Amino acid sequence: MGRKSLPGTGWPIYVEGAAQRAAGETGGCLMKWMGVMILAVTLMAGPGRATAEMSDIKRLEASRMVYLEGLAQLDPYLVLAASKIRAPVRMMRADRAPQEGSAAQAGPISAAAMLGVALDMAQGDPVAEAAVKAARATMDQAVPKGLQGGPAFNSAAIAAKGKDRYPGLTFKGGRFAEIYIEGHGGANLDLFVYDGKGRLVCSDTDISDFAHCGWYPQSTETYTVQVTNKGNGTQYSLVTN
């Protein structure tokens, strides 16, 4: 297995797992996996390089991808990297639920929870343990208590082979619109966005439990979002900017 270092850190990063997984999927999925992995490495190289132009929702997607790779490789450094990418994102719960669907309480996995996983993986490796504990101390100092704002999310339960629809989501014209879904367990979730005339605006249908859509509405308009589950029943979170 190949092993490289995150630029500027010396931390090891395993790179073959994502490439091997992506190679067995569609070309679009290959681009998604490799693109976000490269972006994650760029972010970890130091503040200011890519963070200024990276949206909160893209951070969620990038961190999810790196986190899953860390789990697959049992690599605490990758899980630690994922937590650092996600840490700056502050989300608020939205008062919405899928049409004729079931709401759920759990939200997207937190950066703190990722650190807990990284610490478990690091047991027996003093260097890795120290890195995770240092990151946890820094994160505890950096998070203002009670801070709200940022992307809005809701969570829902979806049955196997089920479809959830969210009609009436309004996005402002002239501003980049983003939607992200993240499963709370192993699933294959697809995302579709339709405009007021029923035309498909954006979709993400690769084989994973997370998906992202982004587009520029020319004018303020109401959209319908559809989440499709091609796997077993699960819960997920829907995040909008």
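Start by selecting tyrosine 223, which is buried, with a relative accessible area of 4%. Keep in mind throughout that this is a predicted model.

**Stop 1: the aromatic cluster**

Now show both rings. The centres of phenylalanine 171 and tyrosine 223 lie 6.0 Å apart and the planes meet at 70°, so this is an edge-to-face pair. The two residues come from distant parts of the chain: phenylalanine 171 sits in strand 6 and tyrosine 223 in strand 11, 52 residues apart.

Which residues make up the aromatic cluster here? Phe171, Tyr223 and Trp215 form it. Select tryptophan 215 next. The structure has four aromatic pairs.

**Stop 2: the whole chain**

Zoom out and switch to cartoon. Six helices and 12 strands make up the count for the chain. Of its 241 residues, 48% are buried. Now think about contacts between residues with a separation of 6 or more: 74% of them join residues 24 or more positions apart. The accessible area of the chain is about 11500 Å², and carbon and sulfur atoms hold 53% of it.

**Stop 3: the cores**

Hide the surface. Select Tyr166, Ile179, Ile181, Leu191, Val193, Val225 and Tyr236. These have the most contacts inside the largest nonpolar core, which has 21 residues. Which elements give two or more residues to this core? Colour them one by one:

- strand 5 (152–158), strand 6 (163–171) and strand 7 (177–183)
- strand 8 (189–194) and strand 10 (210–215)
- strand 11 (221–229) and strand 12 (234–240)

There is also a second, separate core of 20 residues, and Ala62, Val66, Tyr67 and Ala118 are among them.

Go back to leucine 191 and show what surrounds this residue. Leaving out residues up to four places away in sequence, leucine 191 touches a list that includes Ile179, Ile181, Ala211, Val225 and Val227. Cys202 and Cys213 are also among the residues that leucine 191 touches.

**Stop 4: the disulfide**

How many disulfides are there? The count is one. Select cysteine 202 and cysteine 213, which are joined S to S at 2.4 Å. The link between cysteine 202 and cysteine 213 is left-handed, with -100° about the S-S bond. Cysteine 202 is in strand 9 (residues 200–204) and cysteine 213 in strand 10, so the pair ties together parts 11 residues apart in sequence.

Are these cysteines buried or exposed? Cysteine 202 is buried at a relative accessible area of 13%. Cysteine 213 is buried at 0%.

**Stop 5: histidine 212**

Step back to histidine 212, also found in strand 10. Histidine 212 counts as buried, at 13% relative accessibility. Draw a distance between its C-alpha and that of cysteine 202: the value is 9.1 Å, for residues 10 apart along the chain. Then list its neighbours. Beyond residues up to four places away in sequence, histidine 212 touches Ile57, Lys58, Glu61, Glu178, Ile179, Tyr180, Leu191 and Asp204.

**Stop 6: helix 5**

Select residues 111–121, which are helix 5. Which of its residues are buried? They are Ala111, Met114, Leu115, Ala118 and Leu119. Look down the helix axis. The buried residues of helix 5 fall within an arc of 140°, so they line one face.

**Stop 7: two positive phi angles**

Finish in the loops. Most residues other than glycine have a negative phi. Leucine 74 has a positive phi, near 50°. Leucine 74 lies in the loop between helix 3 (56–73) and helix 4 (76–86), and is exposed at 62% relative accessibility.

Last, select lysine 161. Its phi is positive too, about 60°, although lysine 161 is not a glycine. Lysine 161 sits in the loop between strand 5 and strand 6. At 64% relative accessibility, lysine 161 counts as exposed.

Conventions: Residues are numbered from 1 along each chain as its sequence is written. This is a predicted model: local features need pLDDT of at least 70, side-chain atom pairs count only at pLDDT 80 or more; totals for chains, interfaces and linings use all residues. Side-chain values use heavy atoms; hydrogens and water are left out. A nonpolar core is a set of buried Ala, Val, Leu, Ile, Met, Phe, Trp, Tyr and Cys residues joined through side-chain atoms within 4.5 Å. Buried means under 20% relative accessible area, exposed over 50%, partly exposed in between (1.4 Å probe, protein chains only). Helices (H or I, at least four residues) and strands (E, at least two) are DSSP runs, numbered from the N terminus. Contact means heavy atoms within 4.5 Å. A disulfide is a pair of cysteine sulfur atoms within 2.5 Å. Rings of Phe, Tyr and Trp (its six-membered ring) pair if their centres lie within 6.5 Å; planes under 30 degrees apart count as stacked, over 60 as edge-to-face and the rest as tilted. The arc is that of the directions from the helix axis to the C-beta atoms. Accessible areas come from the Shrake-Rupley method with a 1.4 Å probe; for residues, only the protein chains shown count as cover.
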